[in-house]
Amino acid sequence: MTLKIEDNGLTPRSATITATVTISDINDKLPIFQSTPYTFTVSEHVPASTLIDRVTATDADINLNGAVTFEVAYFITGDSNHITLDASSGALTTATTLDREAMDLYVLVIRAKDGGAGPLTATATVSIRVLDYNDNAPTFSSALYVGTVTENTVAGTSILTVVIDDLDIDNNDGITLSISDTNADMYIAADSTTYVLSVKTPIDREVFTQFEFVLTATDAGTPALTATTTVRITVLDVNDNEPLFSPTFYSSEIAYNDDCQVTITTLTANDADESVNADLTFAFTQNDNPELFSLNTNTGSKHLFILAFLNFNSLAIIIHETIET
Ligand SMILES: [Ca+2]
Ligand SMILES: [Ca+2]
Ligand SMILES: [Ca+2]
Ligand SMILES: [Ca+2]
């Protein structure tokens, strides 16, 4: 400011002087965080000492009264073994490699403190969300899944369900199932949402009695991780095949004076089914001379024995299946 002094003479005389008043600071202003609460993110994949972000604060005082430093007041979740704070810069860094699957959120309260005598402080809450990295492969609950399916069963019928877990989230646990075996993939569908294996195309047991294949689960992470398991599906029989003679025509001759109880011929028949569905018994459908010709029904055998006396013309023969009840 400028001061003026003046006398009271008839012709006043005066002088001026410039005075400077310096107002010394006292520490009367708090530090103020720029933005609170803070919300930061960091990938679980980054190495230790990676900068996450930084907090900033201003203090309207000067010199030490306005010199702000930072410290962690306390952790709400997590600890200083995972997150560290630089006192002067306010930089938050990873203290170690983070594991989202162990802890996905760190919350801490940071204190800003000025350097005045009787320092003033302010606090801010910082939330650090840990972002997922695809560091977990899918896992099957079993190395081998066993199931059965009846042949000719319609498409869409469930056979078995596999159990898969992936500790990651989002795309990193989005599973796609695939069947590596070409034949199995034609007949069996693997649902990537429900993990159900079902009939894709009706199966003919007389073509495929069993499928054993590797089932692969691939997650949608980058890079993708995979797991495999073995699936064994046995196809159960339905009695859908008739017995067949082979050959279908037999011609035999016996000597006129041959003995009784001679085998005239042995017939062969086959059935493509299995077990009781292929157990065959034999019977005449027509035998005009039952006193002359007999038949060894030979249950379960595929051979027919005709025991004959002499003098006959012809036989018609049929095979019956044994039906399971
Ligand atoms: Ca201050
Ligand atoms: Ca992860
Ligand atoms: Ca994963
Ligand atoms: Ca069959």
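In this predicted model, L3 stands opposite I17 of strand 2. That position belongs to an antiparallel pairing of strand 1 (residues 2–6) with strand 2, which runs over five bridges. The briefing then turns to the calcium site and the nonpolar cores.

**Strand 2**
- None of the five residues of strand 2 (residues 14–18) is buried, so this strand lies largely in the open.

**Calcium site**
- The calcium ion (ligand 2) is coordinated at 2.2 to 2.7 Å by E44 (OE), E101 (OE), E101 (OE), D132 (OD), Y133 (O), D135 (OD) and D168 (OD).
- Along the chain, the donors of this ion follow the spacing E-x56-E-x30-D-Y-x1-D-x32-D.
- E101 is in the loop between strand 9 (91–94) and strand 10 (105–113), and D132 is in the loop between strand 11 (121–131) and strand 12 (139–140); the pair therefore ties together parts that are 31 residues apart in sequence.
- E101 has 24% relative accessibility and so counts as partly exposed, whereas D132, at 18%, counts as buried.

**Nonpolar cores**
- The largest nonpolar core has 26 residues, of which F140, V162, L177, I188, F211, F213 and L215 touch the most other members.
- Elements giving two or more residues to this core include helix 1 (182–187), strand 13 (144–150), strand 19 (210–218) and strand 20 (226–236).
- Apart from its neighbours within four places in sequence, F213 is in contact with I179, D181, A184, I188, L197, T229, T230, V231 and I233.
- A second, separate core comprises 22 residues, among them V68, I83, L85 and A124.

Methods: Residues are numbered from 1 along each chain as its sequence is written. Chains are lettered from A and ligands numbered from 1 in the order in which they are written. This is a predicted model: local features need pLDDT of at least 70, side-chain atom pairs count only at pLDDT 80 or more; totals for chains, interfaces and linings use all residues. Side-chain values use heavy atoms; hydrogens and water are left out. Donors are N, O and S atoms within 2.8 Å of the metal (3.2 Å for Na, K and Ca); water is not among the atoms, so sites may look incomplete. Helices (H or I, at least four residues) and strands (E, at least two) are DSSP runs, numbered from the N terminus. Buried means under 20% relative accessible area, exposed over 50%, partly exposed in between (1.4 Å probe, protein chains only). A nonpolar core is a set of buried Ala, Val, Leu, Ile, Met, Phe, Trp, Tyr and Cys residues joined through side-chain atoms within 4.5 Å. Contact means heavy atoms within 4.5 Å. Two strands pair if DSSP finds at least two bridges between them.
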